[in-house]
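Please walk me through this structure in plain paragraphs.

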Amino acid sequence: MDTFLGLYNYWIYVGLLVVGLYAVLLKGNYIKRMIGLGIFQAAVFLLFISMDKVEGGTGPIFRYGQDITTIFANPLPQVLILTAIVVSIAVTALGLALAIRIKEEYGSIEESDTLRADRDE
Amino acid sequence: MSFLFFFTLSFVLISAVLAVHARDLFVSTIWLGVFSLMMASNFFILDAADVAITEAAVGAGVSTVLFLSALALTGEKESGRRVYRLIPSIALLTLAVVLMIVSLDHPRLGDPSAPVHQHIAPWYLSETPVLIDIPNVVTAVLASFRGYDTLGETLVVFTAGIGVLSVLGFRPKRKAVVTAAQVSRRTVRIRDHLILRVVGKLLIPVIMLFALVVQFHGEYSPGGGFSAGALFAAAVMLYGILEGPDRSIKAMPQVIMLRLAALGASIYIFVGIFGMLLGGNFLDYGVLSSNPVAGQQLGILLIEFGVGLTVASVLTMVFNAFAGRETY
């Protein structure tokens, strides 16, 4: 039971990673693929953030009159993921812009339609 | 692990599956928003308050709006034709099995003796009060100890903004093709719903005030330039949703947003170069003032402002570029 609860967050991470990759690789719709990419990125965020936790600790912010024995969470994974979240929205925005252009040029955001249009040209 | 954490973790996976499974892309997007909100709660439970604020503002707020404004242009139905590919499916299954097996060797959640807690984190925690003297260690690491990283990330955000503009064009394109769905969308706007409009408008100044608190109080409490920028952009997006994109573009013209984004990144770089002129290294803030600790604090305040400016204007610019297209 202890193993199960201690590793549950990693299993959720594996689940998210696979669900996200599934959408990126096997869905034909470009917007759906961006959703999958978002889930895939969030899986990596979860992996990093679950590393920072220390049992009985608190967030890495000092407080007035804190106990000298206060345990703090690891700040480094938090910094890496904080910036990565904002970069992920930038990537999503660029992907959506490309999807909009594809819709305007091909009249569809399905991969099968765009591939067919390219072949027929 | 508490019951709450167990619940939010499980719900994250459930909402991810539902987001991928839903045939209607609108439903998918809403599930993705729920997913982000649950993810933010997870981060908060895992003692990462800064990350939780950013994920809530960016993932659940800004990203949902961007997806919805893209959907208005691309249509909401997925054909459901799946691409059956044998090799990717096998690779996915293998990946899942391998990662599950590997996870058995991971340190348990919250284990203080995990390798990640041994190397550099104790140094950050013990030196931050000495070298920088601000309470929020995350901000100290982000803006000072790892300032190069953050400069790179800021430039990535700026580049993505330029990328969106070069893909979609500077001005909203006026095309003759207007589908029936777009006409019906135009006739019933949020502008016509009095209650939504009044309540929504009341929220805008509160969100902006909160963004300013997150921006300038980020050294003392969770927050900083990235989350503040996203919150500020969220306020502008709310205005754009309530009043129509034409008005938000008029209030925040794309040209000015582009210049502000460039200005934010330039502030960051110039703080670094100014430190070099004063005899320090690039992005060494200690030389900015006669007292090295005060110099560090000044440098962090300046570059966080630059980051906030860039993130806010890039996200506003992207929203305007997406939503402005609807108005042909």
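In chain B of this predicted model, the C-alpha centres of domain 1 and domain 2 lie 21 Å apart. The bounds, which come from an automatic or database domain assignment, are 1–78 for domain 1 and 136–328 for domain 2 of chain B. Between them, 14 residues of domain 1 of chain B are in contact with 20 residues of domain 2 of chain B, where contact means that the C-beta atoms of two residues, placed from the backbone, lie within 7 Å. The side of domain 1 of chain B that touches domain 2 of chain B has 10 nonpolar residues, three polar and one charged. Here Ala, Val, Leu, Ile, Met, Phe, Trp, Tyr, Cys and Pro count as nonpolar, Asp, Glu, Lys and Arg as charged, and the others, Gly among them, as polar.

Two conventions apply throughout. Residues are numbered from 1 along each chain as its sequence is written, while chains are lettered from A and ligands numbered from 1 in the order in which they are written. Because the model is predicted, local features need pLDDT of at least 70 and side-chain atom pairs count only at pLDDT 80 or more, whereas totals for chains, interfaces and linings use all residues.

Chain B has 13 helices and zero strands; helices (H or I, at least four residues) and strands (E, at least two) are DSSP runs, numbered from the N terminus. The C-alpha trace of chain B spans about 65 × 50 × 40 Å along its principal axes. Of the 328 residues in chain B, 45% are buried, a term for residues with 20 or more other C-beta atoms within 10 Å of their own; 12 or fewer makes a residue exposed, and a count in between partly exposed, with C-beta atoms placed from the backbone. Among contacts in chain B between residues at least 6 apart in sequence, 72% join residues at least 24 apart.

One helix pair can be followed in detail. The axes of α3(B) and helix α13 (residues 292–324) of chain B come within 9 Å and cross at roughly 20°. These axes are lines fitted to C-alpha atoms, for helices over the stretch in contact, and angles run from 0 to 180 degrees between N-to-C directions. The two helices are therefore roughly parallel, the term for angles under 35 degrees. On the side of α3(B), the contact is made by B:Val62, B:Val65, B:Leu66, B:Ser69 and B:Ala70, and on the side of α13(B) by B:Leu315, B:Val318, B:Phe319, B:Phe322 and B:Ala323. By class, these residues are nine nonpolar, one polar and no charged.

B:Leu66 counts as buried because 25 other C-beta atoms lie within 10 Å.

On the chain A side, A:Gly38 lies in helix α2 (residues 30–52). A:Gly38 is buried because it has 26 C-beta neighbours inside 10 Å. Beyond four places in sequence, A:Gly38 is in contact with A:Ser88, A:Thr92, B:Leu32 and B:Ser63.

Methods: Angles under 35 degrees count as roughly parallel, over 145 as roughly antiparallel, 65 to 115 as roughly perpendicular and the rest as oblique.
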